[in-house]
Amino acid sequence: MNKNVALVLQGGGTRAIYTSGVLDVFMEKGISFPYVIGTSAGALNACGYISGDKGRNKQITMVHMQRIRFASLTNYLTRGTFFDFKYLFHEIPKELPFNWDAFYSAQVRLFCACTSFKSGKPAYFEKSQEEFLDGVAASASLPAMIRKPVMVGGEPYCDGGVACAIPFRKPLEDGFKKIVIICTQPKGYRKDPDSEKLPLYMQRYVEKYPEFVEAFRKWHATYNADMDEVDRLGETGQAFVLYPSRPPRVSVATRSKKALNSLYDLGQKDAKTHFLELLDYLKEDF
């Protein structure tokens, strides 16, 4: 474990299977970090990485995303969310084991990033907190895929990507001088200004949260500014940034096993291609 470097994971729905491929290589090579933070699907990936369950995140995306019980319009209509995270956390492990003991005993500070409905700003939950899994569910709840905010500790939250698509600022604020960032879009990707218009069907549940509405409307600008800063950090050596070497061609809710498997393989390939560069950046033998 390199004690001086933090790991930062971008979200992106099923695009984050790219990160699953990268992290499986990290597990194979014995690379670990004392501090990990993820947004949305990046937070979900982080959990499997900390538990040491190599290949599990891939299985969740490749197999369980196909199941109506986990991801469906039926869930949206009956449960208020497209993704049933209670099913993910409590039922899927009965079939696809999750190493809870390793997860909770790991000497790693793990955070998920959410967006507060009240402030429109980032909020973070740590593994040590009782409501952490609720925070992960909120972090991975895209605004367009829920009919109401996700409550964490009695407060409303949703997808961390609205306020911080790549949560690199927190580890820097917490004193880390170097960070490793795994992106799910290629270098140079930026959001279109018209990509985050507030859909009519969302207006009912967000209308009483003006700060969130404003954050949502500025989502593209926040994202683009974050990516500008990520690029700068990479160029100055403050961050080691791994970008997909080609456009992912996968949406946030893709079910195509062929496309998903290809993106997972790309994550593995890119991680292995840049592995020696990463070791040089870490300045430590593993």
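Modeller: S40 lies in the loop between β2 (35-39) and α2 (41-51), where helices (H or I, at least four residues) and strands (E, at least two) are DSSP runs numbered from the N terminus. The model is predicted, so local features need pLDDT of at least 70 and side-chain atom pairs count only at pLDDT 80 or more, while totals for chains, interfaces and linings use all residues. Residues are numbered from 1 along each chain as its sequence is written, and side-chain values use heavy atoms, with hydrogens and water left out.

S40 has 4% relative accessibility and therefore counts as buried (under 20% relative accessible area, with exposed over 50% and partly exposed in between, for a 1.4 Å probe and protein chains only). Leaving aside neighbours within four places in sequence, S40 is in contact (heavy atoms within 4.5 Å) with G11, A113, S139, A140 and D159.

Turning to the rings, a search of the whole structure finds 21 aromatic pairs; rings of Phe, Tyr and Trp (its six-membered ring) pair if their centres lie within 6.5 Å, with planes under 30 degrees apart counted as stacked, over 60 as edge-to-face and the rest as tilted. For F70 and F83, the ring centres are 5.7 Å apart and the planes stand at 50°, so this pair is tilted. The pair links distant parts of the chain, 13 residues apart, with F70 in the loop between α3 (56-62) and α4 (73-79) and F83 in the loop between α4 and α5 (85-95); both F70 and F83 are buried.
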